Amino acid sequence: MKKTLSFVLALTMIFSLFAFSSFAAVGDAVPFQNSSYFESGDYSLHYRTFGDPILNKGRIMLLHGFGLSTVSLEKIAEEYSKENYFVAAVDLPNFGYSSRETSETKLQSREDLVFALIESLGGKWIIGGHSMGGGIAVNVAIDHPEKITGLILFAPQTSTEVSTAASKLMKSGFVQSMFGAIIGLTKYFPNIVRPLVAVSFSDLKYAKNYDISKIAAPLALKGTGAGMAVMSSHTRGTDLETFSKLKIPTVIVTAKNDMVASKRNLKALIDSAPEEAKVITVEKGGHMMMEYDPSNICALTLNALKK
């Protein structure tokens with residue numbers, strides 16, 4: 001409960017700092033030429049594909065971090081496809097162009113939705129996850145090791161089980177409205193995202209020239225903030241004990257100057273990783289190293305998986 005309240009207060013403080021600035025409005029968001037949708041119950045998952053689905057070395061599915069979307073994965077997806085992999089980058093529920101959860105949604109776990117998509121596409125997959133997506137990728141591999149041939153985790157962050165009290169709080173109309181109001185600011189003040197971009201990439205010059213609409217536009221879509229609150233009410237914990245026993249080739253990428261990832265959280269995951277897991281630390285790019293330096297990250301991760 002304390003962690004949940006702290007998170008809510010932190011979000012409020014961050015966004016309130018910029019609430020009275022004046023910036024250009026965000027235009028209507030549209031999907032991409034390589035967009036597809038997967039339907040499961042009340043959910044519509046948006047995903048994008050890169051490369052040849054038939055003639056390839058293998059398949060890689062990528063999951064983004066909190067507040068992000070497939071846009072943060074498109075550069076690394078393109079690099080993997082150049083190496084003749086078929087790649088599917090997925091918008092998790094409440095992010096990007098996937099459906100938003102509400103109080104009326106018949107809830108499914110993100111892990112189950114991702115695996116349902118894997119089943120619909122067929123074949124075996126390497127699964128990659130960034131930050132929040134890393135913890136989800138680990139759980140998918142734990143649940144279905146027969147379908148997962150490798151794990152690539154970019155600055156992964158684990159999750160913990162949500163208490164009953166916290167779940168009720170996050171589902172409440174008050175919290176949903178508060179999250180909606182806070183996240184909704186991105187529609188009118190998209191530049192509130194830029195300081196977060198600078199911290200995420202650990203590069204002020206890069207952040208200055210970054211197209212923030214890539215992050216702000218999906219966040220500005222109706223229901224995003226309230227959906228995040230509902231999502232937080234049924235988040236599944238990352239099973240580190242079972243993770244340690246996996247026999248799946250695993251690569252963990254960290255950044256020396258990552259100012260976003262919880263060091264304690266990251267250390268717990270690395271300490272629990274399978275014995276043969278490879279840990280790679282890069283110098284540049286911070287928490288978003290796979291978007292900052294995709295060619296290098298692609299080469300490093302594929303070489304590590306081969307070994």
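This is a predicted model: local features need pLDDT of at least 70, side-chain atom pairs count only at pLDDT 80 or more; totals for chains, interfaces and linings use all residues.
Residues are numbered from 1 along each chain as its sequence is written, and side-chain values use heavy atoms, leaving out hydrogens and water.

**The whole chain**

You're looking at 14 helices and 8 strands; these are DSSP runs numbered from the N terminus, with helices (H or I) of at least four residues and strands (E) of at least two. Along its principal axes, the C-alpha trace spans about 50 × 45 × 40 Å. A compact globule of 307 residues would have a radius of gyration near 19 Å, and the chain agrees with its 18 Å. That radius is taken over C-alpha atoms, and the globule rule is 2.2 Å times the number of residues to the power 0.38. Of the 307 residues, 54% count as buried.

**H5 meets H6**

How do the axes of helix H5 and helix H6 cross? They come within 4 Å and cross at roughly 60°, with H5 covering residues 164-171 and H6 residues 173-188. The two helices are therefore oblique to each other. On the H5 side, the contact (heavy atoms within 4.5 Å) is made by Leu169, Met170 and Lys171, while H6 brings Gly173, Val175, Gln176 and Phe179.

Burial here goes by relative accessible area: buried is under 20%, exposed is over 50%, and partly exposed is in between, using a 1.4 Å probe and protein chains only.

| Residue | Relative accessible area | Class |
|---|---|---|
| Ile118 | 0% | buried |
| Asn84 | 35% | partly exposed |
| Asn94 | 0% | buried |

Ile118 sits in helix H3, residues 110-121. Not counting residues up to four places away in sequence, Ile118 touches Met61, Gly123, Trp125, Val140 and Ile148. Met61 and Ile118 are 57 residues apart in sequence, yet their C-alpha atoms are 8.3 Å apart in space.

Now for the two asparagines. Most residues other than glycine have a negative phi. Asn84 isn't a glycine, but its phi is positive, about 70°. Look for Asn84 in the loop between helix H2 (74-82) and strand E4 (85-90). Asn94 also has a positive phi, near 80°, and lies in the loop between E4 and H3.

Note on methods:
Axes are lines fitted to C-alpha atoms, for helices over the stretch in contact, and angles run from 0 to 180 degrees between N-to-C directions. Angles under 35 degrees count as roughly parallel, over 145 as roughly antiparallel, 65 to 115 as roughly perpendicular and the rest as oblique.
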